Amino acid sequence: MKIVAVPDDAPAVLALSPSFDRLKAAAEVRYFDTLPGVEDVLVDRMRDAESVVNVRSSSKITRAVMERCPVLRHISIWGTGTDNVDLDAARALGIRVTNTPAVSATSIAEHTLALMLAVARRVPQIDARVRAGEWPRGGTVQLHGKTLGVIGLGEIGRRFARLGQGIGMRVVTWTMNPKPELGFPHVSIEELLTSSDVVSLHLRLSEQTRGFLDASRIALMKPRAILLNTARGPIVDERAMMASLRSGQLGGAGLDVFDVEPLPEDHPLKGMENVVLSPHAAGITPEALEAGLSLAVDNVLAYFSGNVRNAVV
Amino acid sequence: MSDLFRIGISDDFYTEAAEPLEFVCQKKLAGVPGLAWDRIQTDNDKCAGAGELKNYDAIFALATKITAGSLRGVERLAVVARWGVGYDRIDVPALTEAGVALTITPGAVRRPVSEAIFTLIFALSKNLLLQDKVTRAGGWRGDLPKMGISIAGRTLGSVGCGNIGQEMFRVAQSLGFGRFIAYDPFVTQEQVKHLGVELVDMDTVFRESDFVTVNTLLNQNTCGLIQQRHFRLMKPASYFINTARGPIVEHAALVQALREHWIAGAGIDVFPIEPPPKDDPLFALDNVIVAPHALAWTTELMNDNGSEAANAVLSVSRGEVPNGVVNRDVLTHPKFLAKLERLRK
């Protein structure tokens, strides 16, 4: 029977997942629910395994580790980040590496919708005022019939665009490489910014997208427009965004990501009335975690069957 | 002077909805020949007196109360046009007897109320208020007491499947829900089949839904309809959302269900008494989102409510039967017919 090691399920998540049973049915599993801590322990746990499910990014799977595990042929990372694994070394040593992309897409798209609705209806602010004995009227925004501009049409952007259409918004999109087959109207970035009541960012952070929504682009946005960012903080010029929120040109913002995370103490966003904030948690739901664990196990089974999927290396 | 068609505007509009009132007067009433409108006084309970009502052909009602006593000796009045769809503060049989039509604005409210329901469903599912609070207080995601959940595949349930309930399910079609169930004794399976809604009994709605929403009007039959035993049936991870009317739900039972975590949380836009007392026990709980019976109250909604109500009043001013009549039997009432006849001249 094939041997699979799980050297780092701490705190335990894989062992609690139904997909763990599928793994145990297909292989002999060397399972550990503590962190290995040092290289010797990690190597000890992985030594006779052909495939490893890497649960925690604190386990550094370096060239040295790989060289000390002679039968290792596959590393299945739970998550999308691969920086704890030396990919060049894996390539040189003929070890395949897989990850679990896009499993959070539904959760992130839903979270973006939750932020959009909460900003439009000023939910945290209204809740606080009612608890304080007030009975505020009006002043909220209806989204039905308004225009939603979606920037970036990857898995998350296109799901959010569909949710926006679902609640009755007119959706326009801009993406670096237009995908007309998706059926969303593609417009210039200038047209998107000047015509949208809500602008939502779904770009990957790269050198091309850093500072993408800068002061001049923010200035193009409709007065009182709402900005949503569940992608990455540095895609927006945070200072320009805050200035625009203060002046009232931007009507509100729903933000899950920031320039510096956790959000530093005394950060001005923390005191703003027209924003709804969340702690880079859009992708964290039990469903997304389970989908990731299940895919990490599927990737092991696919590797054993000779059809590697979700390969990074 | 007596030939003018006179519209009385309940005084709460001037404090609660001054801008939309202005919008509607300018947009719909100004320039129409033979119309006059002014403010009417109501008492501390927003009850309109007969002394006021007798001078008007039509009334714009907001939270206005109209009783049998309000109509004593009132001969001229032909229509009460409510901005909104609830009419629990209006004595409908008394209006009918007096030959007065009551109109509501179902077209204007269904979409904004649906949007308010989804605002609460999504904010509750993602635990958004707590996330916002933790982030502002300097915490991060490791400090969240629980994760948000995903909507995809979950069951959306409704007590009531009329105008607003059906619109809610229509909007929900592409939001990823897995199943739609509803209880409504006045709707047939055939009428809601195209929405993918299964009609079930009320207990099933509570037992099987991940989100129980209330979309029924308040009347003698629905007052206190939702009780402790219904919350007992709900799944521990499920949510309760009421954007309809407070008295439909036994408030103490709701508080107990939330306090003792029988359910995961609730979104509450309506209360037994409004505004609620400052010490309402809901305000001390962190698994509830509260709103001031105004979550659907967008500028667009109020303008649309007013436009729809104004259309009804304008129809009557021309001696025509208006849209949105609640008391359909008034349409054959001799007194009402005589009023329309007079107005046609």
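**Note on the predicted two-chain model**

1. Chain B has 345 residues and a radius of gyration of 22 Å, which agrees with the value near 20 Å that a compact globule of that length would have; the radius is taken over C-alpha atoms, and the globule rule is 2.2 Å times the number of residues to the power 0.38. Along the principal axes, the C-alpha trace of chain B spans about 70 × 45 × 35 Å.

2. Residues are numbered from 1 along each chain as its sequence is written, chains are lettered from A and ligands numbered from 1 in the order in which they are written, and side-chain values use heavy atoms, with hydrogens and water left out.

3. The secondary structure of chain B comprises 13 helices and twelve strands, whereas chain A has eleven helices and eleven strands. These elements are DSSP runs numbered from the N terminus, with helices being H or I runs of at least four residues and strands being E runs of at least two. The C-alpha trace of chain A spans about 65 × 50 × 30 Å along its principal axes.

4. On burial, 59% of the 345 residues in chain B are buried, and for chain A the share is 54% of 313 residues. Buried here means under 20% relative accessible area, exposed means over 50%, and partly exposed covers what lies in between, with a 1.4 Å probe and protein chains only. The accessible surface comes to about 14000 Å² for chain B, of which 51% belongs to carbon and sulfur atoms, and to about 12500 Å² for chain A, of which 52% belongs to those elements; the areas come from the Shrake-Rupley method with a 1.4 Å probe, and for residues only the protein chains shown count as cover.

5. As to contacts (heavy atoms within 4.5 Å), 65% of those in chain B between residues at least 6 apart in sequence join residues at least 24 apart. In chain A, residues 24 or more positions apart account for 63% of the contacts with a separation of 6 or more.

6. The charges can be described chain by chain, with Lys and Arg counted as positive, Asp and Glu as negative, and His and the chain ends not counted. Chain B carries 36 positive and 39 negative charges, whose mean positions are 2 Å apart, while chain A has 34 positive and 35 negative side chains, with the centres of the two sets 5 Å apart. The place of a charge is taken as NZ of Lys, CZ of Arg, CG of Asp or CD of Glu.

7. Chain A is assigned a domain 1, made up of residues 3-103 + 286-304, and a domain 2, made up of residues 105-277, the bounds coming from an automatic or database domain assignment. The C-alpha centres of these two domains of chain A lie 36 Å apart.

8. Two cis peptide bonds in chain A deserve a look. One joins A10(A) and P11(A), with omega about -10°, and P11(A) lies in the loop between β1 (3-6) and α1 (19-26). Another runs from E261(A) to P262(A), with omega near -10°, and P262(A) is placed in the loop between β10 (250-255) and β11 (275-277).

9. Positive phi angles at non-glycine residues are the next point to check. R224(A), with phi of about 70°, is found in the loop between α9 (215-220) and β9 (225-229) of chain A, and R224(A) counts as exposed because its relative accessibility is 54%. K46(B), with phi of about 60°, is found in the loop between β2 (35-40) and α3 (50-53) of chain B, and with a relative accessible area of 28% K46(B) is partly exposed.

10. R159(A), in helix α7 (residues 155-166) of chain A, is partly exposed at 27% relative accessibility and touches A105(A), T106(A) and A109(A), not counting residues up to four places away in sequence; its C-alpha atom is separated by 38 Å from that of I3(A), 156 residues apart along the chain. P93(B), in helix α4 (residues 92-97) of chain B, is exposed, with a relative accessible area of 60%, and the C-alpha atoms of P93(B) and D269(B), 176 residues apart along the chain, are separated by 28 Å.

How values were computed. Predicted model: local features only at pLDDT ≥ 70, side-chain atom pairs only at ≥ 80, totals over all residues.
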